[in-house]
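Okay, thanks for coming, everyone. I've got one model to walk through today, so let me put it up on the screen.

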Amino acid sequence: MILQRFNLRHRRLGFTVPWAGWKWPLWPLAFLLLIAMIGLPAIRHDAYLFRILTTILIWSILALGQNVITGFCGQLSFGQAAFYGIGAYTSALLSIHFDLPYPLILVVAAGLAGIAGVIVGYPAIRIGGDYLFLVTIGFAEIIREVFLNWDDLTGGAIGLPGVPPVTLFGMTLETNVHYYYLSLACLTLSVIALMRILDSDVGRCFKAVREDELAARAAGINVTFYKLLAFGIGAALGGVAGSLIAHFLAYVGPDMFTNWESTIVFAIVLVGGLGSVPGTILGAVLIIGTFESIRQLIDYRLYIAGLLLVGTVLIKPSGLLGAVKLTMPIIPPGAEEPPADEEPRNIL
Amino acid sequence: MTPVDYLLAQIVNGLSAGCIYAVAAIGYSMVFGVLQMHNFAHGDTLMFGTFVALSLMLAGVPVVLALPLAIFLGAAIGYAVERIAFRPTRGAHRMVPTVSAIGVALIIRNAAQSLWGTTTQAFPIAIPASTFKLFGIGISTTQVAVFVTACVLMMATQFFVNRTLIGKAMRAVQQDADAAGYMGIPVNRVVSLVYMIGGALGVAAGILFSINYNTVFLMMGFSVMIKAFVSAVIGGIGNIRGAFIGGLLLGVIEALTAGYLSSGYRDAITFVVLILVLLVRPQGLLGRPMVVKV
């Protein structure tokens, strides 16, 4: 029943050109950028450059996931590192212990992360806004402690060194350029899929839930379903990013999935633009590009991230390319006032 | 050691840790109460102030001077956080001040990292750590001192909020900031004051933490803040007594987990408790249910 309704509502998916819904100057630009990025390895042979670019691509996928949850659907999640970690460990363990084709591993990693996302998203139904923030921080901490303490499976604090390289179509990916292409392909597919989702009913329902949950519910939108869907999609993208980083670095360890990673992903989305796909990628280029290319800045990373967050929020709260209006107070003043016949809230 | 003694010892450990969370939670909860905004810079304010106390004492400033100075600095940071992160974003979407507070927290953390580095340091206060026996379990004087200080701070805050004129103004602002403004209460100054008290209580909690565990480190702010947050939610956020009880409960739960299950999963249990509380009784033990109206 649900599936049938889902199919009917989203019948439009796949019947139009892939770039439908993109604003005019955007899709030719994106297309040109993609061509340029495919051609880049023919011109430059700098392994370090491709290392940075691959890192940026992977973080873009991760941040897109965060943006689905926070930007598109308006849920204040701060645990993207958990999904990233679940994807990475799943992928690493599967490829160490079993001989499976990489696409399958990638799908399983994304799927498990997505399921974790739905599990975390479940409290989102009952707990709004700020508490959800805390629950997601908590979930990320729980997952990190599991990575750290489940020695038999995850290698504990040492992690899992020697994650085998990806084998795709009989070819073993070894160099940075190979992983650059793999990440570029994953990012391109994610972007196209997300733009299509945003242009469908699902995207509009996300928007309705974000803008006004009560009104959305009153209009007959299944708020619960769309919140869980946003968490599932966002977490699955995190899982894809995790799988890529595990094979790219040939290592996974609990230090890679801390609160700091969640903070950076959050900063990318905030600075780049809430609810904007190109904005997310711009944010990743700005932040990860700065961190990765200027190694001397390592002691000042927190300053940079902090100043970017404060500056963005004070100047343009929804980020550089943000599509979300954040000026409306969600709870209008006086909404929490107790009814007149009750005694006033004396809780301080 | 009999099982009962072991249990009692764990509970005592839990209470001494819990009263530290309680002090941090009171500050956190007051700040939340006044504008219904979460202050995510609370933890880093706390950590910075504790490091300042450490430096002052290492520089030879006597303890009776160093600790109040550090606490005063905590109030100053609390004020700065309010001015930078919260006042310009008042009335905006709730996500906006949350993010600016995270930004300020990162800046404070980086400043601390530049000044004191990332290594864990010992805290130079030595309360003569003698233990005495009570009902068969050893209790150290440090634990008693920490517990008594925490109780005094809680009662002082409670007195200040409930029995003084400024406290009355705070409660008025909390109930309805606009109406309080019409009545002539200087809302902005009251809000600043609450953030200052929050910062001061935070630093006090940080110092108690460092005395209890004899350690100061960069990430202590984050971990204590998360515990304070959870305590405040357990007790009913915005409620001073609730925050105190929540802190003690959390400390005991944590100590029992570490004592009987596994110390590695201590923080995980904290969050499991939190999630359960939020699902079963979102308003906390002493809070009142929040009603969302259109």
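Let's start with helix α2 of chain A, residues 26-43. Its 18 residues reach 25 Å from the first C-alpha to the last, close to the 26 Å expected at 1.5 Å a residue (that's 1.5 Å times one less than the number of residues). Helices here are DSSP runs of H or I, at least four residues, and strands are runs of E, at least two, numbered from the N terminus.

Keep in mind this is a predicted model: local features need pLDDT of at least 70, side-chain atom pairs count only at 80 or more, and totals for chains, interfaces and linings use all residues. Residues are numbered from 1 along each chain as its sequence is written, with chains lettered from A and ligands numbered from 1 in the order written.

Now chain B, with eleven helices and two strands. Of its 294 residues, 53% count as buried.

And the contact between the chains? Chain B puts in 52 residues and chain A 48, counting C-beta atoms, placed from the backbone, within 7 Å. On the chain B side, α4(B) gives the largest share, 13 residues.

Note on methods:
Two residues are in contact if their C-beta atoms, placed from the backbone, lie within 7 Å. A residue is buried if 20 or more other C-beta atoms lie within 10 Å of its own, exposed if 12 or fewer, and partly exposed in between; C-beta atoms are placed from the backbone.
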